[in-house]
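Me: I have a structure open and would like to go through it with you slowly. Could you take my questions one at a time?

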Amino acid sequence: LTAMGEPSMDPTISSPDSTAQQDSLFSMMDVFLISLITGLFTYWFFFRKKKEEVPDLPKMQSVAAPVRDSSFIEKMKKTGRNIVVFYGSQTGTAEEFANRLSKDAHRYGLRGMAADPEEYDLSDLSRLSEIDKSLAVFCMATYGEGDPTDNAQDFYDWLQEADADLSGLRFAVFGLGNKTYEHFNAMGKYVDKRLEELGAQRIFELGLGDDDGNLEEDFITWREQFWPAVCEHFGVEATGEESSIRQYELVVHTDVNMNKVYTGEMGRLKSYENQKPPFDAKNPFLAQVTENRKLNEGGERHLMHLELDISNSKIRYESGDHVAVYPANDSSLVNQIGEILGTDLDTVMSLNNLDEESNKKHPFPCPTSYRTALTYYLDITNPPRTNVLYELAQYATDAGEQERLRKMASSSAEGKALYLSWVVEARRNILAILQDMPSLRPPIDHLCELLPRLQARYYSIASSSKVHPNSIHICAVTVEYETKTGRLNKGVATNWLKNKVPDQNGSSSLVPMYVRKSQFRLPFKPSTPMIMIGPGTGIAPFIGFIQERAWLKQQGKEVGETVLYYGCRREHEDYLYRDELARFQKEGVLTQLNVAFSRDQAEKVYVQHLLKKNKENVWKLIDEGMAHIYVCGDARNMARDVQNTFYEIVSEFGNMSQPQAVDYVKKLMTKGRYSLDVWS
């Protein structure tokens with residue numbers, strides 16, 4: 001009643017004279033209150049009922065599950081598909097392979113769809129048998145040290161925990177990996193094995209693609225045996241030759257509001273003008289370059305140190321994390337493509353998916369201009385894959401050039417050899433192919449449909465957030481080389497970063513970036529000894545590690561032995577962070593600094609040679625000090641040679657056989673005491 005504006009009424013005070021008045025008052029109030037309560041109840045009832053009718057209850061059963069569009073089973077039934085190709089993709093290649101397989105299906109009277117496992121509930125796999133002639137294919141890339149790609153993490157977690165009965169499921173797996181890495185194709189192998197354990201039926205053997213060799217050839221070889229196995233299993237036949245089917249239709253915008261046109265944003269329109277956290281792959285932060293200095297004193301290469309300002313971004317990072325940057329293609333390459341194809345690159349257009357049910361409405365953000373697409377969204381510098389050559393062949397007016405393109409796209413031994421030599425080994429990108437085939441002039445919109453997306457580049461962060469909370473440091477070397485055709489090819493990201501000169505007021509020094517978490521972490525206890533091996537730009541994360549240990553020491557913490565094995569070509573040419581390392585050593589944070597100069601003497605000296613030289617001390621740190629080992633840099637040679645050196649040291653001082661030593665090092669890896677941050 002207080003809320004009704006009658007705080008002064010005291011119900012304990014009454015007199016006989018006022019009884020009738022009170023009775024009258026309360027009877028009036030009773031009526032008022034009853035009316036009010038009835039009104040409120042009626043309003044609540046209808047409002048409540050209306051609310052309850054909105055949700056589709058079956059979709060609300062799994063409260064904790066991430067929001068997904070729909071069941072892929074229902075989508076397949078609705079659109080008449082019977083083959084679903086899931087992809088676990090970090091750089092876009094697995095997604096590309098999945099799209100190619102789903103397009104292949106029509107040749108066999110089947111209908112396929114490529115699907116991102118992140119967008120669907122994979123427990124629905126148990127229902128796939130409800131669809132006639134159904135099949136699930138998995139193109140699964142392995143990322144880092146045997147990890148799933150970001151978009152396949154939920155699927156991987158589900159597989160580990162699932163006890164589903166998948167006995168009605170027919171499947172096949174193609175894995176994408178790299179033999180230079182310790183856990184070659186771990187994700188593909190795991191998915192293949194786990195699906196069988198859950199009762200699913202494998203209809204074709206696991207394919208293992210190796211990016212250190214020729215991933216495209218591995219895929220084509222697997223694919224040409226996969227489809228006959230599908231035909232045999234389902235009793236179907238190929239209906240004809242592979243044909244060119246456009247996936248997107250071109251819409252040219254002649255009268256468009258330029259505020260609605262994408263100019264390089266990765267996700268939300270105008271996200272670069274109006275920045276909103278959190279920042280990630282689909283919403284990168286535009287960081288200002290505050291420092292860009294050359295690290296090396298001489299030599300042909302350009303090694304650089306960049307600092308990105310992340311003030312006010314709410315971005316947090318830890319030593320050992322990676323920074324991803326979205327580069328832009330060289331404008332001269334973009335202009336040359338436009339000139340060769342006789343196109344106005346500033347034409348604003350959209351490529352719209354002809355499959356209205358597809359989750360992927362456009363191959364890249366649309367509407368946009370051809371110039372923006374070729375600059376920010378499409379990969380124009382890597383050699384194109386065979387499916388691109390096949391689709392482009394129809395546009396070559398010269399019979400010889402058309403035949404050459406079709407041959408390179410075929411699965412014949414001669415065609416594979418020609419593709420390997422003329423495209424891969426010669427490092428011919430799309431511009432070089434157009435230049436060397438004068439009759440090949442495809443429509444630019446079809447070319448834009450076929451080219452893969454330009455991917456973010458990852459760099460090991462060369463700073464500690466304890467010391468530099470508002471900046472992220474990058475250490476990189478510009479990539480530049482001459483091809484067999486005499487052309488000068490330049491690395492997209494490193495040459496783009498090289499030109500990011502600190503600028504007080506312009507946008508020329510802005511870098512779209514985000515942070516990707518890593519497993520490459522300092523020991524939990526600062527007192528744990530560390531052995532770091534990082535030649536060349538592999539030193540990057542260790543600069544962050546040492547910075548952090550120096551900070552911990554300043555805080556009064558006991559810091560364990562911090563040992564670095566670094567390598568470069570020549571002492572007076574490319575000894576990176578020389579002054580910083582000398583200072584850390586002087587301060588007593590860096591307890592050992594071992595540097596291998598590979599070309600300063602007749603015989604080459606590498607980091608593994610210094611490890612052998614100090615083998616007794618190395619073993620003591622591992623065995624008695626329980627040291628953590630960190631290796632960063634080249635996976636193909638250095639990481640392997642270093643690992644073999646550790647096998648030798650463990651075998652000699654631990655009195656173990658070679659197999660026992662290998663097992664010992666593998667156990668260090670399992671326990672998190674031997675970590676790798678490598679690339680090939």
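**Rings and helices**

Reply: Let me start with the aromatic rings: a search of the whole structure finds 28 aromatic pairs, where rings of Phe, Tyr and Trp (its six-membered ring) pair if their centres lie within 6.5 Å, with planes under 30 degrees apart counting as stacked, over 60 as edge-to-face and the rest as tilted. Please keep in mind that this is a predicted model, in which local features need pLDDT of at least 70 and side-chain atom pairs count only at pLDDT 80 or more, while totals for chains, interfaces and linings use all residues. Residues are numbered from 1 along each chain as its sequence is written, and side-chain values use heavy atoms, with hydrogens and water left out.

Me: OK, so what kind of pair do Phe-97 and Phe-219 form?

Reply: Phe-97 and Phe-219 are stacked, at 4.0 Å centre to centre and with 10° between the planes. The pair links distant parts of the chain, since Phe-97 lies in helix H3 (residues 93–104) and Phe-219 in helix H6 (residues 215–234), 122 residues apart. Helices here are DSSP runs (H or I, at least four residues), as are strands (E, at least two), numbered from the N terminus.

Me: And is Phe-97 buried or exposed?

Reply: Phe-97 has 0% relative accessibility and so counts as buried, a word that means under 20% relative accessible area, with exposed being over 50% and partly exposed in between (1.4 Å probe, protein chains only). Phe-219 is also buried, with a relative accessible area of 0%.

Me: Which residues do ring pairs link into a cluster?

Reply: The cluster linked by ring pairs consists of Phe-97, Tyr-108, Phe-174, Phe-204, Phe-219, Trp-222, Phe-226 and Trp-227.

Me: Switching to helix packing, at what angle do H7 and H8 pack?

Reply: Helix H7 (residues 331–340) and helix H8 (residues 370–377) pack at about 135°, and their axes are 10 Å apart. Axes are lines fitted to C-alpha atoms, for helices over the stretch in contact, and angles run from 0 to 180 degrees between N-to-C directions. H7 and H8 are therefore oblique to each other, because angles under 35 degrees count as roughly parallel, over 145 as roughly antiparallel, 65 to 115 as roughly perpendicular and the rest as oblique.

Me: Which residues make that contact?

Reply: Val-334, Asn-335 and Ile-337 of H7 and Arg-371, Leu-374 and Thr-375 of H8 make the contact, where contact means heavy atoms within 4.5 Å.

Me: How do H10 and H11 cross, then?

Reply: The axes of helix H10 (residues 399–409) and helix H11 (residues 413–425) come within 6 Å and cross at roughly 105°, so H10 and H11 are roughly perpendicular to each other. In H10, Arg-404, Lys-407 and Met-408 meet Glu-414, Gly-415, Leu-418, Tyr-419, Trp-422 and Val-423 in H11.

Me: One more residue: what does Gln-608 touch?

Reply: Gln-608, which lies in helix H17 (residues 607–613), is in contact with Asp-641, Val-642 and Thr-645, leaving aside its neighbours within four places in sequence. Gln-608 has a relative accessible area of 9% and is therefore buried.
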